Each structure stands twice: as structure tokens, then as C-alpha cells.
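I opened the model to look up its pockets and the packing of its helices. My notes follow.

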Amino acid sequence: MEKALEKALDVFWRKGYDGASLSDLTEAMGINKPSLYSAFGNKEQLFLKAIELYENRPCAFFYPALQQPTAYQVAEHMLFGAATSMADTSHPHGCVVVQGALSCSEAAETVKAALIARRRNGELALRERLEQAREQGDLPAEVDTAVLARYLGTVLQGMAIQATNGATPEELKQVAQLTLDNFPRR
């Protein structure tokens with residue numbers, strides 16, 4: 001079933017939650033609607049399972065970056081990981097967590113809320129990692145870790161949009177480097 005879930009992820013990534021019809025999904029997954037409902041529940045549950053798969057795939061960069069030894073290396077790993085992953089031609093460009101349900105129908109409000117929660121949880125995890133770095137003396141004491149985490153999240157989300165617009169990995173790496181050139185260091 002993981003192959004079918006990967007196919008569903010691809011459809012959601014290309015079309016967004018609302019844009020992906022059940023026919024699109026079942027055709028891509030190679031199953032019929034009763035099988036989809038039996039295996040995954042409804043479209044919303046399928047989407048959320050696809051998002052879990054997306055966040056845990058081998059090329060995921062966000063949460064593994066939090067394990068880096070310094071705050072600078074955390075940011076570097078995230079930014080360059082985003083530049084490489086978001087413009088990779090082996091899958092749709094951008095980030096399905098950012099773009100999957102930015103604007104959607106009222107019926108998809110729970111999916112939109114779930115993605116907002118995932119983005120907020122990511123920002124909170126990054127903030128906590130930056131606070132740890134500040135406490136260890138790795139970041140200057142005056143750094144506002146909430147603002148820095150929000151700033152990095154904003155850059156990552158902007159990179160996702162730029163990748164969707166056709167930016168190359170090299171162009172996104174330039175954005176990553178400019179961000180790192182201005183990263184607070186001790």
C-alpha cells in the first residue's frame with residue numbers, strides 16, 4: 001500500500017487537496033474507490049497519511065536538520081536541503097505541506113487546519129532547538145529565537161513558492177546562502 005500512498009502524494013502535491021479528485025487519486029493509485037475507502041478511509045484521511053509519508057521520506061530535511069550540532073548548521077541543513085529537495089525534478093516542485101491547502105473550500109477546512117498545525121509545530125520545534133543553542137552559548141544571548149524561527153520558516157516557505165515558479169536548485173541555494181550570510185553567530 002505504500003506505493004499507492006506515494007502515488008496519492010504525487011497527485012496531492014501537483015494538484016493540492018481540493019484540486020485532487022477521487023478519480024485522479026484512484027487512477028494514479030491503481031485502485032477503485034471502494035478499495036481507497038477500505039484502505040485509507042476518506043480523501044482527508046488519505047491526504048493526512050500522504051503528508052506523514054512526505055515528512056518521513058528519506059530526502060526529508062526539516063526535522064533531521066534539528067539534530068545538527070550548531071544553530072548555524074541547523075539552518076544550513078534546512079536551507080540547502082530545501083534548495084535541493086524543493087526543486088528536485090524527480091517529484092513535483094515546492095512543498096506539499098506549504099502548498100497543499102493554502103486556499104481551499106470550506107469542506108477542506110480541517111485539512112487546511114491540519115497543515116497549519118504541522119507548520120506551527122515545525123516552527124515550534126525549530127524555536128526550541130534555537131533556544132537550546134542560545135542557552136548553550138551557540139547563539140548570541142540577545143537573539144529572539146521566536147523571530148529567528150519564524151524568519152527561517154518564512155524563507156523556507158518562500159523557497160517552496162519559488163521552486164513552484166520554476167527556480168532551480170542553484171537559484172534556491174543562492175537564497176539559502178544569503179540567509180546564512182546574515183545568520184546570527186557568536
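Predicted model: local features only at pLDDT ≥ 70, side-chain atom pairs only at ≥ 80, totals over all residues.

I looked up the largest pocket, which has a volume of about 510 Å³. A pocket here is an open set of points on a 1 Å grid over the protein atoms alone, where a 1.4 Å probe fits, with protein on both sides within 12 Å along at least five of seven lines; lining residues have an atom within 4 Å of a point. The volume is the space filled by probe spheres set on the points, which are joined across faces, edges and corners.

Residues are numbered from 1 along each chain as its sequence is written, and side-chain values use heavy atoms, with hydrogens and water left out.

Back at the largest pocket, I found 23 lining residues, with Phe 62, Cys 95, Val 97, Arg 118 and Arg 119 closest to the centre. H4 (43-55), H5 (62-65), H7 (96-99), H8 (109-135) and H9 (145-164) each supply at least two residues of this lining. Helices are DSSP runs (H or I, at least four residues) numbered from the N terminus. H8 gives the largest share, seven residues. By class I recorded 14 nonpolar, three polar and six charged lining residues; Ala, Val, Leu, Ile, Met, Phe, Trp, Tyr, Cys and Pro count as nonpolar, Asp, Glu, Lys and Arg as charged, and the others, Gly among them, as polar.

The second largest pocket has a volume of about 250 Å³. Of its 13 lining residues, Glu 6, Leu 9, Trp 13, Arg 57 and His 91 are closest to the centre. Its largest share, five residues, comes from H1.

I next checked how H1 packs. The axes of H1 and H4 come within 9 Å and cross at roughly 105°, where axes are lines fitted to C-alpha atoms over the stretch in contact and angles run from 0 to 180 degrees between N-to-C directions. H1 is therefore roughly perpendicular to H4 (65 to 115 degrees; over 145 counts as roughly antiparallel). The contact (heavy atoms within 4.5 Å) includes Leu 9 and Trp 13 of H1 and Phe 47 and Leu 53 of H4. By class, this contact has 11 nonpolar, no polar and six charged residues.

H1 (2-19) and H2 (22-29) pack at about 155°, with axes 8 Å apart, so H1 is roughly antiparallel to H2.

Terms used: Parallel < 35°, antiparallel > 145°, perpendicular 65-115°, else oblique.
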